[in-house]
Amino acid sequence: MDPEKRPRWRFCTFNVFEGLDSWKEERVSRFGSWIVSQNLDVVGLNEANGFTDEKMHSLCTSCNLPFWHLHHTRTGFHLGIMSRHPIEVIDTTMLSDQLWHGLLHARVDILGSPSHVLVTHLTPHEASKRRAEACAIVDYSKQYVQEPLLLMGDLNSLSRADRDVHCHEQLRIGVISQTPKLAKKFCDSCGAIEYEPIDIFYRGGFVDNAIQNKHIDNPMMSTSVPTPANRDHAHVGGRLDYILANSCLASSSSGDDVVIVTVKDADTDFISDHYPVVLDMQPFFGDGSCLSK
(Lines give C-alpha, C1' and ligand atoms only; values in the text may rest on other atoms or scores of the structure.)
Protein backbone atom coordinates (compact mmCIF):
# COMPACT_ATOMS: atom_id res chain seq x y z
CA MET A 1 0.00 0.00 0.00
CA ASP A 2 1.16 3.52 -0.78
CA PRO A 3 2.65 4.92 2.47
CA GLU A 4 0.65 8.11 1.98
CA LYS A 5 -2.59 6.10 1.97
CA ARG A 6 -1.85 3.93 4.96
CA PRO A 7 -4.04 4.93 7.92
CA ARG A 8 -2.50 6.10 11.16
CA TRP A 9 -3.52 4.37 14.36
CA ARG A 10 -3.77 6.36 17.59
CA PHE A 11 -3.80 4.62 20.96
CA CYS A 12 -3.95 6.13 24.44
CA THR A 13 -3.50 4.84 27.97
CA PHE A 14 -5.00 6.98 30.71
CA ASN A 15 -5.14 6.36 34.45
CA VAL A 16 -8.21 8.46 35.25
CA PHE A 17 -7.66 9.06 38.96
CA GLU A 18 -10.14 6.91 40.88
CA GLY A 19 -12.97 7.13 38.39
CA LEU A 20 -12.39 10.77 37.39
CA ASP A 21 -12.29 11.42 41.13
CA SER A 22 -15.61 9.63 41.61
CA TRP A 23 -17.25 11.09 38.52
CA LYS A 24 -16.91 14.80 39.28
CA GLU A 25 -18.73 16.78 36.62
CA GLU A 26 -15.87 19.04 35.58
CA ARG A 27 -13.38 16.17 35.38
CA VAL A 28 -15.78 14.06 33.32
CA SER A 29 -16.53 16.96 30.98
CA ARG A 30 -12.91 17.93 30.43
CA PHE A 31 -11.88 14.31 29.99
CA GLY A 32 -14.54 13.83 27.30
CA SER A 33 -13.57 17.02 25.48
CA TRP A 34 -9.89 16.10 25.62
CA ILE A 35 -10.51 12.59 24.26
CA VAL A 36 -12.49 14.02 21.32
CA SER A 37 -9.72 16.53 20.57
CA GLN A 38 -7.12 13.75 20.25
CA ASN A 39 -8.86 11.82 17.45
CA LEU A 40 -8.03 8.49 19.08
CA ASP A 41 -8.79 4.99 17.82
CA VAL A 42 -8.48 3.17 21.14
CA VAL A 43 -8.25 4.34 24.76
CA GLY A 44 -7.29 2.05 27.64
CA LEU A 45 -8.49 3.15 31.07
CA ASN A 46 -7.06 2.47 34.51
CA GLU A 47 -8.87 3.32 37.74
CA ALA A 48 -12.37 3.35 36.28
CA ASN A 49 -13.56 3.22 39.89
CA GLY A 50 -17.29 3.61 40.27
CA PHE A 51 -17.92 3.40 36.53
CA THR A 52 -21.13 1.62 35.61
CA ASP A 53 -22.21 0.34 32.22
CA GLU A 54 -24.57 3.31 31.98
CA LYS A 55 -21.80 5.83 32.71
CA MET A 56 -19.40 4.09 30.34
CA HIS A 57 -21.97 4.02 27.56
CA SER A 58 -22.76 7.72 28.01
CA LEU A 59 -19.10 8.69 28.12
CA CYS A 60 -18.12 6.64 25.07
CA THR A 61 -21.08 7.91 23.07
CA SER A 62 -20.15 11.52 23.81
CA CYS A 63 -16.53 10.79 22.81
CA ASN A 64 -17.50 9.18 19.48
CA LEU A 65 -15.94 5.91 20.64
CA PRO A 66 -19.03 3.68 20.48
CA PHE A 67 -17.36 0.32 21.18
CA TRP A 68 -16.39 -0.25 24.78
CA HIS A 69 -15.98 -2.70 27.61
CA LEU A 70 -15.72 -2.27 31.36
CA HIS A 71 -13.71 -4.94 33.19
CA HIS A 72 -14.71 -5.08 36.85
CA THR A 73 -11.89 -5.98 39.20
CA ARG A 74 -11.97 -7.34 42.72
CA THR A 75 -10.03 -4.28 43.95
CA GLY A 76 -12.58 -1.79 42.60
CA PHE A 77 -9.89 -0.22 40.40
CA HIS A 78 -11.66 -1.22 37.21
CA LEU A 79 -10.21 -1.38 33.70
CA GLY A 80 -11.87 -0.09 30.57
CA ILE A 81 -11.47 0.21 26.83
CA MET A 82 -13.04 2.77 24.51
CA SER A 83 -12.78 2.21 20.76
CA ARG A 84 -13.73 3.80 17.47
CA HIS A 85 -13.72 0.31 15.94
CA PRO A 86 -15.51 -2.97 16.74
CA ILE A 87 -14.02 -5.02 19.55
CA GLU A 88 -14.17 -8.63 20.66
CA VAL A 89 -13.51 -9.12 24.37
CA ILE A 90 -11.38 -12.16 25.22
CA ASP A 91 -12.01 -13.91 28.53
CA THR A 92 -9.04 -13.42 30.87
CA THR A 93 -10.52 -14.81 34.07
CA MET A 94 -7.70 -17.27 34.75
CA LEU A 95 -4.98 -14.67 34.11
CA SER A 96 -6.79 -11.90 35.98
CA ASP A 97 -6.87 -14.10 39.07
CA GLN A 98 -3.06 -13.83 39.13
CA LEU A 99 -3.03 -10.03 38.84
CA TRP A 100 -3.85 -7.42 41.48
CA HIS A 101 -6.07 -5.32 39.20
CA GLY A 102 -6.64 -7.95 36.52
CA LEU A 103 -6.24 -7.63 32.75
CA LEU A 104 -8.64 -6.62 29.99
CA HIS A 105 -8.03 -8.18 26.57
CA ALA A 106 -9.81 -6.88 23.49
CA ARG A 107 -9.32 -7.75 19.84
CA VAL A 108 -9.88 -4.53 17.91
CA ASP A 109 -10.74 -4.54 14.21
CA ILE A 110 -9.12 -1.34 12.95
CA LEU A 111 -10.20 -0.87 9.35
CA GLY A 112 -9.85 -4.58 8.61
CA SER A 113 -6.63 -4.99 10.58
CA PRO A 114 -7.37 -6.95 13.77
CA SER A 115 -5.02 -6.19 16.65
CA HIS A 116 -4.92 -7.20 20.29
CA VAL A 117 -4.99 -4.64 23.10
CA LEU A 118 -4.14 -5.66 26.66
CA VAL A 119 -5.05 -3.15 29.37
CA THR A 120 -3.63 -3.73 32.83
CA HIS A 121 -2.66 -1.97 36.06
CA LEU A 122 0.09 -3.68 38.00
CA THR A 123 0.06 -3.86 41.78
CA PRO A 124 1.20 -0.71 43.62
CA HIS A 125 2.75 -2.87 46.33
CA GLU A 126 6.12 -4.56 46.39
CA ALA A 127 8.10 -5.09 43.20
CA SER A 128 8.38 -8.84 43.76
CA LYS A 129 4.65 -9.14 43.10
CA ARG A 130 4.96 -7.01 39.95
CA ARG A 131 7.69 -9.35 38.73
CA ALA A 132 5.26 -12.25 39.01
CA GLU A 133 2.54 -10.24 37.27
CA ALA A 134 4.88 -9.28 34.43
CA CYS A 135 5.90 -12.93 33.95
CA ALA A 136 2.25 -14.00 33.82
CA ILE A 137 1.43 -11.38 31.17
CA VAL A 138 4.46 -12.25 29.05
CA ASP A 139 3.53 -15.94 29.17
CA TYR A 140 -0.07 -15.13 28.22
CA SER A 141 0.96 -12.93 25.29
CA LYS A 142 3.15 -15.64 23.70
CA GLN A 143 0.10 -17.23 22.08
CA TYR A 144 -0.30 -14.06 19.99
CA VAL A 145 3.30 -13.73 18.88
CA GLN A 146 2.28 -13.77 15.18
CA GLU A 147 -0.42 -11.12 15.66
CA PRO A 148 -0.08 -7.39 16.43
CA LEU A 149 -0.51 -6.70 20.13
CA LEU A 150 -0.21 -3.71 22.46
CA LEU A 151 0.13 -3.77 26.24
CA MET A 152 -0.85 -0.53 27.96
CA GLY A 153 -1.46 0.79 31.42
CA ASP A 154 -0.04 1.97 34.72
CA LEU A 155 2.72 -0.56 35.37
CA ASN A 156 3.71 1.08 38.67
CA SER A 157 7.38 0.48 37.83
CA LEU A 158 10.38 2.48 36.72
CA SER A 159 12.32 1.58 33.57
CA ARG A 160 16.06 1.13 33.46
CA ALA A 161 15.99 3.14 30.22
CA ASP A 162 14.94 6.24 32.20
CA ARG A 163 17.60 5.86 34.89
CA ASP A 164 19.90 8.70 33.86
CA VAL A 165 17.51 11.16 32.27
CA HIS A 166 15.06 10.94 35.20
CA CYS A 167 17.87 10.91 37.81
CA HIS A 168 16.69 7.74 39.52
CA GLU A 169 19.66 7.48 41.87
CA GLN A 170 19.09 11.00 43.15
CA LEU A 171 15.40 10.17 43.52
CA ARG A 172 16.23 6.97 45.41
CA ILE A 173 18.54 8.68 47.88
CA GLY A 174 16.52 11.85 48.43
CA VAL A 175 12.95 10.57 48.34
CA ILE A 176 12.33 6.84 47.93
CA SER A 177 14.69 5.51 50.59
CA GLN A 178 13.30 7.97 53.15
CA THR A 179 9.87 6.32 53.23
CA PRO A 180 9.44 2.58 53.90
CA LYS A 181 6.30 2.39 51.71
CA LEU A 182 8.13 3.92 48.73
CA ALA A 183 11.21 1.77 49.28
CA LYS A 184 9.02 -1.33 49.34
CA LYS A 185 7.34 -0.26 46.10
CA PHE A 186 10.36 0.83 44.07
CA CYS A 187 13.41 -0.93 45.54
CA ASP A 188 14.74 -4.45 45.70
CA SER A 189 15.82 -6.24 48.88
CA CYS A 190 19.20 -4.52 48.71
CA GLY A 191 17.73 -1.03 48.50
CA ALA A 192 18.50 -0.45 44.81
CA ILE A 193 15.86 0.63 42.29
CA GLU A 194 13.99 -2.47 41.13
CA TYR A 195 13.89 -2.50 37.33
CA GLU A 196 13.07 -6.16 36.89
CA PRO A 197 9.28 -5.84 36.25
CA ILE A 198 9.82 -3.71 33.14
CA ASP A 199 12.93 -5.68 32.16
CA ILE A 200 10.77 -8.83 32.11
CA PHE A 201 8.54 -7.22 29.48
CA TYR A 202 11.57 -6.16 27.43
CA ARG A 203 13.10 -9.63 27.56
CA GLY A 204 9.69 -11.09 26.73
CA GLY A 205 9.69 -9.35 23.35
CA PHE A 206 7.84 -6.14 24.14
CA VAL A 207 9.19 -2.99 22.54
CA ASP A 208 9.10 0.32 24.39
CA ASN A 209 8.34 2.90 21.73
CA ALA A 210 9.33 5.69 24.12
CA ILE A 211 12.90 4.41 23.82
CA GLN A 212 12.78 3.80 20.08
CA ASN A 213 11.24 7.23 19.50
CA LYS A 214 13.71 8.91 21.90
CA HIS A 215 10.74 10.31 23.81
CA ILE A 216 12.49 9.56 27.10
CA ASP A 217 15.31 11.93 26.14
CA ASN A 218 13.08 14.82 27.23
CA PRO A 219 12.82 14.44 31.02
CA MET A 220 10.16 17.12 31.45
CA MET A 221 7.82 15.62 28.86
CA SER A 222 8.32 11.89 29.38
CA THR A 223 7.39 11.57 33.06
CA SER A 224 3.78 10.48 33.55
CA VAL A 225 3.50 11.39 37.25
CA PRO A 226 2.87 13.53 39.15
CA THR A 227 0.44 16.14 37.81
CA PRO A 228 -0.80 19.24 39.65
CA ALA A 229 -3.85 17.18 40.66
CA ASN A 230 -1.69 14.65 42.50
CA ARG A 231 -2.59 13.50 46.01
CA ASP A 232 -0.66 10.21 45.97
CA HIS A 233 2.68 10.29 47.83
CA ALA A 234 3.74 7.17 45.90
CA HIS A 235 3.97 9.30 42.74
CA VAL A 236 7.58 10.27 43.24
CA GLY A 237 8.15 11.53 39.72
CA GLY A 238 8.92 9.36 36.73
CA ARG A 239 7.39 7.23 34.02
CA LEU A 240 4.88 4.71 35.36
CA ASP A 241 2.51 4.56 32.37
CA TYR A 242 3.51 2.63 29.25
CA ILE A 243 2.35 1.51 25.83
CA LEU A 244 4.44 -1.49 24.79
CA ALA A 245 4.19 -3.26 21.42
CA ASN A 246 4.97 -6.90 20.78
CA SER A 247 7.70 -7.51 18.23
CA CYS A 248 5.15 -8.30 15.54
CA LEU A 249 3.53 -4.88 15.74
CA ALA A 250 6.77 -3.03 16.41
CA SER A 251 8.39 -4.50 13.30
CA SER A 252 5.45 -3.39 11.16
CA SER A 253 6.38 0.29 11.45
CA SER A 254 9.62 2.10 10.78
CA GLY A 255 10.94 4.52 13.38
CA ASP A 256 9.72 7.53 11.45
CA ASP A 257 6.18 6.13 11.43
CA VAL A 258 5.92 5.95 15.22
CA VAL A 259 5.34 8.89 17.55
CA ILE A 260 4.72 8.55 21.28
CA VAL A 261 4.01 11.45 23.61
CA THR A 262 3.05 12.02 27.22
CA VAL A 263 0.44 14.74 26.80
CA LYS A 264 0.83 17.62 29.22
CA ASP A 265 -1.56 20.52 28.84
CA ALA A 266 -4.06 22.52 30.91
CA ASP A 267 -6.67 19.77 30.66
CA THR A 268 -4.42 16.85 31.55
CA ASP A 269 -2.97 18.88 34.44
CA PHE A 270 -6.48 18.87 35.90
CA ILE A 271 -8.14 15.61 34.81
CA SER A 272 -5.97 13.11 36.68
CA ASP A 273 -2.92 12.49 38.82
CA HIS A 274 -1.39 10.67 35.83
CA TYR A 275 -0.71 12.15 32.42
CA PRO A 276 -2.01 10.19 29.41
CA VAL A 277 0.38 8.56 26.97
CA VAL A 278 -0.52 8.57 23.26
CA LEU A 279 1.00 6.30 20.60
CA ASP A 280 0.56 7.30 16.95
CA MET A 281 1.76 4.80 14.36
CA GLN A 282 1.37 3.80 10.73
CA PRO A 283 1.83 0.04 10.35
CA PHE A 284 2.63 -1.62 7.04
CA PHE A 285 0.34 -4.64 7.14
CA GLY A 286 -3.30 -4.57 6.18
CA ASP A 287 -4.91 -7.80 7.37
CA GLY A 288 -3.74 -8.08 10.98
CA SER A 289 -1.03 -10.61 10.13
CA CYS A 290 2.57 -9.77 10.86
CA LEU A 291 3.56 -12.11 8.06
CA SER A 292 1.90 -10.05 5.35
CA LYS A 293 3.67 -6.71 5.17
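Q: How many of the contacts in the chain with a separation of 6 or more come from residues 24 or more positions apart?
A: In this predicted model, residues 24 or more positions apart account for 71% of the contacts in the chain with a separation of 6 or more.

Q: What does the radius of gyration of the chain agree with?
A: A compact globule of 293 residues would have a radius of gyration near 19 Å, and the chain has 18 Å, which agrees. Along the principal axes, the C-alpha atoms fill a box of roughly 55 × 40 × 40 Å.

Q: What percentage of the residues in the chain is buried?
A: A residue counts as buried when its relative accessible area is under 20%, and buried residues make up 55% of the 293 residues here.

Q: Are R27 and D21, which meet in a salt bridge, buried or exposed?
A: R27 counts as buried because its relative accessibility is 9%, and D21 is buried as well, with a relative accessible area of 7%. Their side chains meet at 2.9 Å, N to O, and both residues belong to a network of salt bridges that also links K24 and R231.

Q: Which parts does the salt bridge between E126 and K184 tie together?
A: The side chains of E126 and K184 meet at 3.8 Å, N to O. E126 lies in the loop between β7 (113-121) and α5 (127-141), while K184 lies in helix α7 (residues 180-186), so the pair ties together parts that are 58 residues apart in sequence.

Conventions:
Residues are numbered from 1 along each chain as its sequence is written. This is a predicted model: local features need pLDDT of at least 70, side-chain atom pairs count only at pLDDT 80 or more; totals for chains, interfaces and linings use all residues. Side-chain values use heavy atoms; hydrogens and water are left out. The radius of gyration is taken over C-alpha atoms; the globule rule is 2.2 Å times the number of residues to the power 0.38. Buried means under 20% relative accessible area, exposed over 50%, partly exposed in between (1.4 Å probe, protein chains only). Contact means heavy atoms within 4.5 Å. A salt bridge is a side-chain nitrogen of Lys or Arg within 4 Å of a carboxyl oxygen of Asp or Glu. Helices (H or I, at least four residues) and strands (E, at least two) are DSSP runs, numbered from the N terminus.
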